[in-house]
Amino acid sequence: MGVEGCTKCIKYMLFFFNFIFWLAGGVILGVALWLRHDPKTSNLLELEFDGAHAPSTFYISVHILIAVGAVMMVVGFLGCYGAIQESQCLLGTFFACLVILFACEVAAGIWGFMHRDTVSKEMINYYDSVYDKAMTQSLTDQDKTRAAASVLKVFHETLSCCGKGQGTTFLTHFTDTLGLTDLCPSSGTTISCQQRIQELFSDKIYLIGIAALVVAVIMIFEMIFSMVLCCGIRNSPVY
């Protein structure tokens with residue numbers, strides 16, 4: 001026989017929230033793995049030209065998410081087991097883990113908000129530098145031109161775009177028509193790659209932000225319920 005009354009209700013509510021927390025950890029882990037292996041981002045972030053690699057800020061954030069998702073699943077299981085067993089030790093450990101995770105999430109959220117446009121800006125700058133080199137070296141250095149063209153081709157085919165802006169888009173189509181270059185995708189799109197890159201990474205950043213907000217709300221309820229249950233167990237005449 002364990003806790004009774006309202007405390008028993010809180011026990012099962014804590015178990016329910018922990019189960020949701022465990023599921024949320026699995027969702028975050030799954031989303032992070034999807035972001036890591038998504039063909040669009042993988043093709044772009046694994047590029048290399050003239051010794052320079054594509055910016056890795058996005059992948060660093062995704063690897064952090066993978067670690068967070070795995071830790072959340074472990075902590076969620078710890079909370080479920082502690083609630084069912086009515087163990088003060090497990091609940092206290094669970095609460096401490098939640099406080100640490102919550103503090104890390106708040107810090108990561110502040111950093112992410114302050115640098116929300118960093119990934120797209122870095123990738124746009126990388127694309128612009130490769131595009132400029134490809135166009136300026138097309139008549140002087142054929143080896144580097146071929147290397148730059150292969151990198152640009154990945155951008156253009158993956159994102160279905162061409163050029164830095166409307167002016168360069170039409171210029172690239174024109175040089176393709178003359179046979180000087182072969183850069184634009186076969187679809188003949190006139191959308192700039194800067195716009196596509198901005199859309200690609202901004203959409204994924206907001207997806208991460210929404211998931212983090214939902215998890216933060218769940219964690220607040222869990223911290224409250226775990227402390228109430230722990231106090232209820234301590235004051236229960238059974239223990």
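Mentor: In this predicted model, the largest nonpolar core has 25 residues, of which L14, F21, M72, L98, V215 and L229 touch the most other members. A nonpolar core is here a set of buried Ala, Val, Leu, Ile, Met, Phe, Trp, Tyr and Cys residues joined through side-chain atoms within 4.5 Å. Buried means under 20% relative accessible area, exposed over 50% and partly exposed in between, with a 1.4 Å probe and protein chains only. The elements that contribute two or more residues to this core are helix 1, helix 3 (57–85), helix 4 and helix 8 (193–235). Helices (H or I, at least four residues) and strands (E, at least two) are DSSP runs, numbered from the N terminus.

As this is a predicted model, local features need pLDDT of at least 70 and side-chain atom pairs pLDDT 80 or more, while totals for chains, interfaces and linings use all residues. Residues are numbered from 1 along each chain as its sequence is written, and side-chain values use heavy atoms, with hydrogens and water left out.

Leaving aside residues up to four places away in sequence, L14 touches A83, L91, F94, E222, F225, S226 and L229, where contact means heavy atoms within 4.5 Å.

L14 also takes part in the packing of two helices: L14, N18 and F21 in helix 1 meet L91, F94, L98 and L101 in helix 4. By class, this contact has six nonpolar residues, one polar and no charged ones. Ala, Val, Leu, Ile, Met, Phe, Trp, Tyr, Cys and Pro count as nonpolar, Asp, Glu, Lys and Arg as charged, and the others, Gly among them, as polar.

Helix 1 (residues 6–37) and helix 4 (residues 88–114) pack at an angle of about 45 degrees, and their axes are 14 Å apart. Helix 1 is therefore oblique to helix 4. Axes are lines fitted to C-alpha atoms, for helices over the stretch in contact, and angles run from 0 to 180 degrees between N-to-C directions; under 35 degrees counts as roughly parallel, over 145 as roughly antiparallel, 65 to 115 as roughly perpendicular and the rest as oblique.

As for the whole, the protein chain has eight helices and two strands, in the order α-α-β-β-α-α-α-α-α-α from the N terminus. Of its 239 residues, 41% are buried.
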